[in-house]
Amino acid sequence: MMRIPVIGGNWKMYKDLAETTSFFESFRPLVERSEHCEIVIFPPFLDLEIAVTATCGTRIQIGAQDLYWAKEGAFTGEVSGSMIRAVGCSHVIVGHSERRQYFGETNEGVLKKTLAALDSGLTPIVCMGEREKKNAKAVLTEQFRCAIGALSAGQFARIVIAYEPVWAIGTSEAATPEDAANAHQFIRGQAKGSFGAEAANNVRILYGGSVTPNDAKSLMAQSEIDGFLVGGASLDPVSFASIVNF
Ligand code: PGA
């Protein structure tokens, strides 16, 4: 089975409405013929609606960077999966390391958000990754067990995983293709243990952390790497398009 690559652009807290519109004006023609992969852009909440409008009728999909697990209620400042879906999004990032580091997100919260995303009909991109290289396997095992291992087989079949070593995010120090592939293989092994060989073989595992147009090709040459979650280099339409068109 061929895993179709997913190339995601996580804008984090960058770009207002005008900047979002002008990004898509430049970006749309650059990826018009990019049929080899799924393209998903994750703008800040306030830009979602305009991003959905700007990409209507194209192959570019839009996702949110986070969600809250309740359907609705007195949760000041939060946004639910159904609200994100209603605006026209298809995806949502869950458990990004910046959410874990600055906003107290736990593995248990990541699981709840993943379930809420699936319930709302969104595809969750579930992020995991170690802070320090030396204890990668222990951290990945724990994150997988708590945040993903508790899903049902049917739920697991609908998620995408992003391996994002924290030491590589925003540092210009991307993992080497071999190191990233080894980590992906390790995560796929966890998936096999919990969900069986076929499910493990089907799940897409994206790499994230300082991906640039220069290293996209060598990373994608690894059969274990099924696409990227790109931060900094997704803000510029030309640089993100050259990653999409690796
Ligand atoms: P970066 O961010 O590409 O700027 O390192 C990746 C991410 O945080 O998803």
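**Exercise 1.** Determine where the charged end of Lys 15 sits.

*Solution.* A charge sits over a ring if NZ of Lys or CZ of Arg is within 6 Å of the ring centre and within 35 degrees of the ring normal. The charged end of Lys 15 is found over the ring of Trp 11, 5.3 Å from its centre. Lys 133 likewise lies over the face of Trp 167, at 4.3 Å from the ring centre. The model is a predicted one, in which local features need pLDDT of at least 70 and side-chain atom pairs count only at pLDDT 80 or more, while totals for chains, interfaces and linings use all residues. Residues are numbered from 1 along each chain as its sequence is written, and side-chain values use heavy atoms, with hydrogens and water left out.

**Exercise 2.** Count the aromatic pairs, and classify the pair of Tyr 68 and Phe 75.

*Solution.* Rings of Phe, Tyr and Trp (its six-membered ring) pair if their centres lie within 6.5 Å, and planes under 30 degrees apart count as stacked, over 60 as edge-to-face and the rest as tilted. The count by this rule is 12 aromatic pairs. For Tyr 68 and Phe 75 the ring centres are 4.9 Å apart and the planes stand at 50°, so this pair is tilted.

**Exercise 3.** Assign Tyr 68 and Phe 75 to their accessibility classes.

*Solution.* Buried means under 20% relative accessible area, exposed over 50%, and partly exposed in between (1.4 Å probe, protein chains only). Tyr 68, with a relative accessible area of 16%, is buried, whereas Phe 75 counts as partly exposed at 37% relative accessibility.
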